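I opened this entry to keep track of what I looked up. The coordinates go in first.

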Amino acid sequence: MRTCGKCKIERRLGEFHRDGTRADGFHPYCKGCRAAYHFANRHSARARMARRAVLKREQVRDRRLRARYGVGVADVDDIRRHQGYRCAICGVHEDHLPRGLVVDHDHGSELVRGLLCHRCNSGLGLFQDCPQKLRAAIEYLRMAEELLAIAQEEQMRRATYS
């Protein structure tokens, strides 16, 4: 038998939860008092757990950024502010991006260049960060644009003679 520290009623040991951290091996409150306490404080406990989860996510994000790019969350947030929360290439705001902005870095020096949307970052990667390939792609698009304009003119000429 032992007395509950909350309701002060003497109860059998079976009415107390086991607690290996206590000298006698039992929690000081009986099962009923402990359940009532947890029920009454469940909202604050959930809020506390949610705050811990957010903190844990931020810590994991900071560790990942430091390991991959040598910058922390605060550094990335500074870059975001400096860029106006927009992709450095296309200018789309991060609120309109399902994945947000991602860190772009030079694969040779490993230095962070800025923050991009996923598409722009993938595009640079597919062109292997090569300015010559990007210039060639621009020239190709210009040539295709001219060919399309010529084809449209020819189609209009044919339509007027028909």
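My notes follow, from overall shape down to single residues.

**Ground rules.** This is a predicted model, where local features need pLDDT of at least 70, side-chain atom pairs count only at pLDDT 80 or more, and totals for chains, interfaces and linings use all residues. Residues are numbered from 1 along each chain as its sequence is written, and side-chain values use heavy atoms, with hydrogens and water left out.

**Overall shape.** I looked up the secondary structure and found five helices and six strands. I took helices (H or I, at least four residues) and strands (E, at least two) as DSSP runs, numbered from the N terminus. The order is β-β-β-β-α-α-α-β-β-α-α from the N terminus on. The radius of gyration is 32 Å, well over the 15 Å that the globule rule gives for 162 residues, so the protein is more spread out than a compact globule. That radius is taken over C-alpha atoms, and the rule is 2.2 Å times the number of residues to the power 0.38. I also noted the box that the C-alpha atoms fill, roughly 105 × 50 × 25 Å along the principal axes.

**Burial.** I found 20% of the 162 residues buried. Buried means under 20% relative accessible area, exposed over 50%, and partly exposed in between (1.4 Å probe, protein chains only).

**Cysteines.** I searched the whole structure for disulfides and got zero. The cut-off is a pair of cysteine sulfur atoms within 2.5 Å. Cys7 is partly exposed at 27%. The sulfur of Cys120 has its closest cysteine partner in Cys117 at 3.5 Å, again too far. Cys120 is buried, with 15% relative accessibility.

**Rings and charges.** I then checked for charges over rings, meaning NZ of Lys or CZ of Arg within 6 Å of the ring centre and within 35 degrees of the ring normal. Arg2 sits over the face of Phe16, 5.1 Å from the ring centre. Arg42 sits over Phe39, at 4.1 Å.

Most residues other than glycine have a negative phi. Which loop holds Lys8? Lys8 is in the one between β1 (2-3) and β2 (10-11). Its phi is near 65°, and Lys8 is exposed at 59%. Asp129 has a phi near 55°, also positive. I placed Asp129 in the loop between α4 (118-126) and α5 (131-161). Asp129 is partly exposed, at 26%.
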